[in-house]
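User: I would like to go through the labels used for this structure and the criteria behind them. Please set each value against its definition.

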Amino acid sequence: GMDAIMLQEKLVERLLCPRVRTARQKEKQYVGFATLPNQVHRKSVKKGFDFTLMVAGESGLGKSTLVNSLFLTDLYKDRKLLNAEERINQTVEIIKHTVDIEEKGVKLKLTIVDTPGFGDAVNNNECWRPITDYIEQQFEQYFRDESGLNRKNIQDNRVHCCLYFIPPFGHGLRPVDVEFMKALHEKVNVVPLIAKSDCLTPNEIKKLKDRVREEIDRFGIKVYQFPECDSDEDEEFKQLDKELKECCPFAVIGSNTVVEARGQRVRGRLYPWGIVEVENQSHCDFVKLRNMLIRSHMHDLKDVTCDVHYENYRAQCIQEMTSKLTQDNRMESPIPILPLATPDVETDRLIKMKDEELARMQEMLNKMQQQIHDGKEQ
Amino acid sequence: MRTASIIATAVPNEIGLIEACFYSPDMSESIIPPEVRPKPAVPAKPPHVVAPSPTAPHGPQGLGGLGGGMGYGGVADRAPGSGHLGGGSTLLGYIGIDTIIEQMRKKTMKAGFDFNIMIVGQSGLGKSTLVNTLFKSQVSRWSSAWGSEFKLPKTVEIKAVSHVIEEGGVKMKLTVIDTPGFGDQINNENCWEPISKYINEQYEKFLKEEVNIARKKRIPDTRVHCCLYFISPTGHSLRQLDIEFMKHLSRMVNIVPVIAKSDTMTPDEKNEFKQRVRKELEVCGIEFYPQKEFDDDMEDKNENDKIREAMPFAVVGSDKEYQVNGKRVLGRKTAWGVIEVENPNHCEFALLRDFLIRTHLQDLKEITHNIHYETYRAKRLNENGGLHPISANDTQESNL
């Protein structure tokens, strides 16, 4: 009844504008724009949300299973696993899966960016390069679109969050973990996870988390930070927020199978010595991760991507461009010509188009100038 | 196992391989190694005793499979080829030849014996814990380094730690050779080279001793008898590094692959993974121990076939004990249950232990000596056009 509606409104508020103080709190004469959030809500619900999530880590750490568990999908059912011989010459690939999810009238266009091959070779030098290139390409695309003429239907393919899977078998971060996170922490929100944590005892999990946290500090890795709570949030929210922060990195377990536990059917894993329940908070931090990712911080992840990572990229780009322009003495181009990291066919085509356009304009200009000149002479 | 015609039939098959101890003169195909070292004896058993079952509690039988492992096992598992009468003579009266077994056993027990096991795998796969669990003692290098901060070495190091452990009057000098740093770097190219170098160095050491003019009665054996390779339980398939390592080393040392930390997989996942791994090993031409080509006879082959089908063993190690159903068991305690290391429904640790220690320990040593070492030796001989024996007093660089 009323409670459900209020809860929903509160949820939507958090989704849409967690940091905006609503007009309701100000004592004024009632003007009526207090309904603004609802209007935004309705428009957004119509438009739908989008979210791009990247998963990275060695193969066999349960990434696909976790994604399926998080979004209650089966995105990978047609996947064929390569055997070791087939993988000998495999390089790191970038594969996108897109799925539309609807829940209670709210639509989410979810894109999962997979990175098969990462860390699997014998020599993994710079194996993160294709991944950082991909992230930058999305920034670049957005930059072009933003600076372009037709901005009505810009598609935002920027990566909003990167879940990085740390193996539970080690004693902490390995060299490849450190290097990967450092290569990405200023380009995307990095959320480190401890994968397959059902092979660790509670004590081992605690030790590993402590170690990983300490190493993240020591190596200066800037993982995604949860925003500080507003002082006027309720106690329950503050407490949850505190628990969330203290729990990082999350120790997760995923499952594609449903098992019977304590009289209920739940997502879990059936072992001879017991049943692991994915959504049982005393078994793992899956619920905390899901809540953080989807229910409380999805919007913040997008905000930080737009306001911090993308802006950094853009500023850097513009700086490079202006220095290049002054060097080249080029004609001021309305379309930014950006240095490409790894040009792909689509971008090449775009460049060619623009170049031809420029050439035509230049020719027209020349013709006009010629005509004026001829006219003067006569 | 060399079959030999024996002169007397007073010895029933159960007691063991008396054939190993002496050869009949008209054996045309017996190959006697350069120095006839008496093979360690099997404990003498009266004919009606049944062999210890693999699930026997760890009393004196614990490492007592060693007794079984030393010769050719107890009654049922590795019964030797049937002896037969040579020459057609029948005995009249009891001579007492069978007591040679007891004499040999006493000698070997006095001398004790060596076993060198190498453990290879990425850091954190539970290698040290497993070795400690296997030998029920703190034998890994971590045991002697309490309180030291864990540091990842920048290159592969070889660290050997020896302990003498004793059980049932039998002394074993166990050397555990750890290889920290393997597979832990970003670039792991050729990270197996320090390991193959170490293995060859031990062969070289032994060879030098053998070729000496005045050589020791009992050459100290530092050769690697068994290399336990730890496979990461990804659930998918072997990693490229696994294949590269095993390809390079399976022809110079006995490799026993194990699936580490297997409590991360459900029984179905375990079986699928094992099948995939075995298939990949086959496709890549990697022969792990027990190698098919070294099966001596049908009996060996049958027994080893069964073992090969079950490998690689999916193991879990632990040095902590918990109370389960009124018993104290080695295990790992999680929020959803206790994983019992020695429970065959939970993992295959018991299978690995029995295989490695109770039945195939001696065979591992023999294959190392008769096959891998001989391969190395032959290569060296061919290289230099012959070995020159050097006296022990020779301080110059060897003529090898």
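Predicted model: local features only at pLDDT ≥ 70, side-chain atom pairs only at ≥ 80, totals over all residues.

User: How much area is buried between chain B and chain A?

Analyst: About 3,800 Å², with 55% of it from carbon and sulfur atoms. Buried area is the accessible area (1.4 Å probe) that two parts lose on being put together, summed over both. On the side of chain B, Ile186(B), Gln240(B) and Trp336(B) lose the most area to chain A, together 25% of what that side buries.

User: Why is the pair Glu58(A) and Arg239(B) called a salt bridge?

Analyst: The term requires a side-chain nitrogen of Lys or Arg within 4 Å of a carboxyl oxygen of Asp or Glu. For Glu58(A) and Arg239(B) the N to O distance is 3.6 Å, so the pair meets the definition. The count between chain B and chain A is three salt bridges.

User: Why is the pair Phe118(A) and Tyr164(A) called edge-to-face?

Analyst: Rings of Phe, Tyr and Trp (its six-membered ring) pair if their centres lie within 6.5 Å; planes under 30 degrees apart count as stacked, over 60 as edge-to-face and the rest as tilted. The structure holds 16 aromatic pairs over all chains. In Phe118(A) and Tyr164(A) the centres are 6.1 Å apart and the planes stand at 85°, so this pair is edge-to-face.

User: How do you know whether Phe118(A) and Tyr164(A) are buried or exposed?

Analyst: Buried means under 20% relative accessible area, exposed over 50% and partly exposed in between (1.4 Å probe, protein chains only). Phe118(A) has 1% and Tyr164(A) has 0%, so both count as buried.

User: What makes the pair Tyr203(B) and Tyr376(B) tilted?

Analyst: The ring centres of Tyr203(B) and Tyr376(B) lie 5.5 Å apart and the planes are at 40°, so the pair is tilted. Tyr203(B), at 1% relative accessibility, counts as buried, and so does Tyr376(B), at 11%.

Definitions and conventions
Residues numbered from 1 in each chain as written. Chains lettered and ligands numbered in written order. Heavy atoms only, no water.
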